[in-house]
Amino acid sequence: MNTTVHVITVSDRVSRGVREDRSGQAAREVLESAGHEVTSSVIPDGAEEVESVLRAAIAAGHRLLVTTGGTGLTPRDRTPEGTAPILDREVPGLAELLRAEGARHTPFAALSRGLVGIVDAGPEGPGALVVNLPGSTSGVRQGLDVLLPLVEHVLDQISGGDH
């Protein structure tokens with residue numbers, strides 16, 4: 001199943017052009033190699049920015065939205081706060097699975113506050129899966145390794161598919 005994916009890099013430094021977008025590029029590479037059509041954007045940290053871009057991506061018909069960055073503990077890390085308002089339902093087990101996989105590689109993965117949830121299908125579109133990944137390239141690659149085998153089933157369920 002080829003899914004339209006939008007990758008959002010959330011980083012003050014990357015958005016100002018003082019740092020290269022390595023995590024967003026890593027996500028794009030993994031997703032494209034899995035056969036998905038990928039678009040991307042870079043925004044500064046902050047809940048309002050995240051919420052705005054997520055809403056626009058859903059309106060554009062993207063079924064999988066992956067953020068990278070802004071899930072930590074610094075004062076500007078507000079990706080989960082920008083994600084929560086657009087979700088109809090969280091999928092905490094998947095968020096826990098992503099953290100558990102990351103923790104197999106580094107204890108710092110336990111500090112990620114990333115959310116995973118869905119936007120229900122409705123008149124606006126077929127629904128979407130939204131995933132907050134950390135801002136490290138290794139965290140992105142590890143997270144997508146966990147996520148990709150589940151995406152087709154999740155999107156089918158969101159669209160009303162049978163179990």
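Tutor: Let us begin with a definition: angles under 35 degrees count as roughly parallel, over 145 as roughly antiparallel, 65 to 115 as roughly perpendicular and the rest as oblique. Axes are lines fitted to C-alpha atoms, for helices over the stretch in contact, and angles run from 0 to 180 degrees between N-to-C directions. Helices (H or I, at least four residues) and strands (E, at least two) are DSSP runs, numbered from the N terminus. This is a predicted model, in which local features need pLDDT of at least 70 and side-chain atom pairs count only at pLDDT 80 or more, while totals for chains, interfaces and linings use all residues. Residues are numbered from 1 along each chain as its sequence is written, and side-chain values use heavy atoms, with hydrogens and water left out.

Student: At what angle do H2 and H6 cross?

Tutor: Their axes cross at roughly 30° and come within 8 Å. H2 and H6 are therefore roughly parallel to each other. H2 passes H6 in a right-handed crossing; a crossing is left-handed if the near helix is turned anticlockwise from the far one by less than a right angle, and right-handed if clockwise.

Student: Which residues of H2 and H6 meet?

Tutor: Contact means heavy atoms within 4.5 Å. On the H2 side the residues are Arg22, Ser23, Ala26, Ala27, Glu29, Val30 and Leu31, and they meet Thr137, Val140, Arg141, Leu144 and Leu148 of H6.

Student: How do H5 and H6 pack?

Tutor: The axes of H5 and H6 are 8 Å apart, and the angle is about 140°. H5 and H6 are therefore oblique to each other. Here too the crossing is described as right-handed, with H5 passing H6. Leu94, Leu97, Leu98, Glu101 and Gly102 of H5 meet Gln142, Gly143, Val146, Leu147 and Leu150 of H6.

Student: In what order do the strands of the sheet lie?

Tutor: Strands of a sheet pair through backbone hydrogen bonds, either parallel or antiparallel. Two strands are said to pair if DSSP finds at least two bridges between them. In this model, 6 strands form an open sheet with mixed pairing, in the order S2-S1-S3-S6-S5-S4. Its edge strands are S2 (37–43) and S4 (89–90), each of which pairs on one side only.

Student: Which pairings are parallel, and which antiparallel?

Tutor: S1 and S3 are parallel, with 5 bridges, and valine 7 has valine 66 in S3 as its bridge partner. S3 and S6 also run parallel, joined by 5 bridges. By contrast, S5 and S6 pair in the antiparallel sense over 4 bridges.

Student: Where do the side chains of S6 point?

Tutor: In a regular strand the side chains alternate between the two faces of the sheet. Ala128, Val130 and Asn132 point one way from S6, whereas Leu129, Val131 and Leu133 point the other way. All are buried, that is, under 20% relative accessible area, with exposed over 50% and partly exposed in between (1.4 Å probe, protein chains only).

Student: What surrounds leucine 129?

Tutor: Within the sheet, leucine 64 has leucine 129 as its bridge partner in S6, and isoleucine 118 stands opposite leucine 129. Leaving aside neighbours within four places in sequence, the contacts of leucine 129 include Leu147, Val151, Val154, Leu155 and Ile158.

Student: Which residues have the most contacts inside the largest nonpolar core?

Tutor: In soluble globular proteins, nonpolar side chains tend to be buried together. A nonpolar core is a set of buried Ala, Val, Leu, Ile, Met, Phe, Trp, Tyr and Cys residues joined through side-chain atoms within 4.5 Å. The largest one here has 25 residues, and those with the most contacts inside it are Leu31, Leu64, Leu129, Val131, Leu144 and Leu147. H6 gives the most to this core, with 8 residues. A second, separate core has 15 residues, among them Leu54, Leu65, Leu115 and Ala128.
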